[in-house]
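User: I am new to this structure. Please show me how to read its features, step by step.
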Amino acid sequence: MAQGARRTAAQVVGVVVLAVAVAAFLSVAAVRHGFFDLKVYYGALDFWVHDGGEIYDYLKPGTQYGFTYPPFAALVMLPMAYLPWPAAITVSVAASVVVSTVLIWWLLDPVSRRAGWTRWFALAVALCLAAAYEPMRETVNFGQVNMLLLFLVAVDLLWLLPAGNRWAGVGIGLATAIKLTPGVFIVYLLVTRRWRAAFTSMAAAALATLVAAALFPDASREFWTSALWNTGRVGELAFVSNQSLRGVVARLDPEHPSTLAWLVLVLATLALWAWRCRAAAAVGDHATGLALTGALMCLVSPVTWVHHLVWLIPGLILLVDRAVAAPAGSRRRRALAGFAVVAYGLLCSRIVWAWEKDFTGLDGFLGSNTYVWISLALLVLLPIRRTASPAGQPGPGPAGPSGSAVEPADVPDLVEVDRGTPTGERHRVGRPLPVG
């Protein structure tokens, strides 16, 4: 058997073994939520379309949970009201799997090509690992829309914005109209002075919202004047699944959580994020901008359930990219690879649930907020990548926000220069290498 065929056979066996191991892990570790959130969407739409009720008046029987998304989300999900329940589950799972596969491919394939990995093998391993990732399995088991929103944002930041496409921002705008929290990416565009994309995203969000308001005026009025402000519909802030800064503060004093302390933490986090994102955008690293802003959203949102942490996936993949780009055997490579392995391992482990009933004491403070610490670490430590100029060509850096060149002095210490990649293969994560 030829060496290439033996290698392929070994890789196939490796993927099968890993898939079996992940399936065994999921059979023990995965919690079956019975598509709880999807049932809320499905029940609310059925109540609205077939029973003549108001969508925001619906509560899932025996719970306090109702439809909490803007009316445009109801418009997007409207076909679900005409599907049988098994078909709704199938569509939900299939959509999450497809967009997750595409997003991971976009982020990982350039790394695979630069490192010389077999591309299909790297993707297969990554998908197995993604299946074990707690936020991903929670997203699927709840029937959530997180990966669909992340995909819309990634289209803009990984493809349209770097290419200067005039439609850059539409994906972010639509994601914001579906669920308000991705609106933080509009702030990213403003902070990094991508004015055209920022205004495009705001226009897309506004247009989608106005279309929904024209079609469903009563539902729109109810959402913007009442349902949006009813925080009791989303759950308890101190619940251990809330892995945001607001959750950290609430668990310190569940009866009287300090709003002031939370706002101070949010402002400090925003300042750090703005500084890092401007540095990333200045050298054209919008993949890192995506990762940093995803971590920020998880931190500053009042409620970040564990399944929302799929927004950390770009950061974890980019940690692997930075580790691979570092010199072989270097302390930097070991540190970045170790960070990625530990963060991923903890985010698979359900460790925060050990403090579900009692999060008091130092161990409770540290353990019940484990995922928050990982989000913070990514925000602070994820290196920014900049492609080095070819040897002997000093040339300026990539164009800055205003089109002027970025000098090296403008780039902070956490910017990583890729000096180990052949000149013909330099690229940014999210932009595939030329074929051939």
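Analyst: Start with the aromatic rings. This is a predicted model. Tyr41, Tyr56, Phe67, Tyr69, Phe223 and Trp224 form one aromatic cluster.

User: How many aromatic pairs does the structure hold?

Analyst: The structure holds 18 aromatic pairs. A pair of aromatic rings is described by two things: the distance of the centres and the angle of the planes. Take Phe36 and Tyr65, whose ring centres are 5.7 Å apart, with 90 degrees between the planes. That pair is edge-to-face, as planes over 60 degrees apart count as such.

User: Where do Phe36 and Tyr65 lie?

Analyst: Phe36 is in helix α2, residues 36-49. Tyr65 is in the loop between α2 and α3 (71-77). The two are 29 residues apart in sequence, so their pair ties those parts together.

User: Are Phe36 and Tyr65 buried, exposed or partly exposed?

Analyst: Phe36 has 21% relative accessibility, so Phe36 counts as partly exposed. Tyr65 is partly exposed as well, with a relative accessible area of 29%. The cut-off for buried is under 20%.

User: What about Tyr56 and Phe223: how are their rings placed?

Analyst: Their centres are 5.4 Å apart and their planes are at 40 degrees, so the pair is tilted. This pair links distant parts of the chain. Tyr56 sits in the loop between α2 and α3, and Phe223 in helix α11 (residues 217-225), 167 residues apart.

User: Are Tyr56 and Phe223 buried or exposed?

Analyst: Tyr56 is buried, at 2% relative accessibility. Phe223 is buried too, at 1%.

User: Now helices. At what angle do α4 and α7 pack?

Analyst: Helix α4 (residues 85-115) and helix α7 (residues 146-160) pack at about 30 degrees. Their axes are 9 Å apart. Angles under 35 degrees count as roughly parallel, so α4 is roughly parallel to α7. The crossing of α4 past α7 is left-handed.

User: Which residues meet there?

Analyst: From α4, the residues include Ala95, Val99, Leu103 and Trp106. From α7, they include Met147, Phe151, Leu158 and Trp159. By class, this contact of α4 with α7 has 14 nonpolar, two polar and no charged residues.

User: Let us end with one residue. Where is Asn141, and what is Asn141 in contact with?

Analyst: Asn141 is in helix α6, residues 134-142. Its relative accessible area is 16%, so Asn141 is buried. Leaving aside neighbours within four places in sequence, Asn141 is in contact with Ala30, Val31, His33, Gly34, Phe35 and Phe36. Phe36 also belongs to the edge-to-face pair with Tyr65.

Definitions and conventions
Residues are numbered from 1 along each chain as its sequence is written. This is a predicted model: local features need pLDDT of at least 70, side-chain atom pairs count only at pLDDT 80 or more; totals for chains, interfaces and linings use all residues. Side-chain values use heavy atoms; hydrogens and water are left out. Axes are lines fitted to C-alpha atoms, for helices over the stretch in contact, and angles run from 0 to 180 degrees between N-to-C directions. Helices (H or I, at least four residues) and strands (E, at least two) are DSSP runs, numbered from the N terminus. Angles under 35 degrees count as roughly parallel, over 145 as roughly antiparallel, 65 to 115 as roughly perpendicular and the rest as oblique. A crossing is left-handed if the near helix is turned anticlockwise from the far one by less than a right angle, and right-handed if clockwise. Contact means heavy atoms within 4.5 Å. Ala, Val, Leu, Ile, Met, Phe, Trp, Tyr, Cys and Pro count as nonpolar, Asp, Glu, Lys and Arg as charged, and the others, Gly among them, as polar. Rings of Phe, Tyr and Trp (its six-membered ring) pair if their centres lie within 6.5 Å; planes under 30 degrees apart count as stacked, over 60 as edge-to-face and the rest as tilted. Buried means under 20% relative accessible area, exposed over 50%, partly exposed in between (1.4 Å probe, protein chains only).
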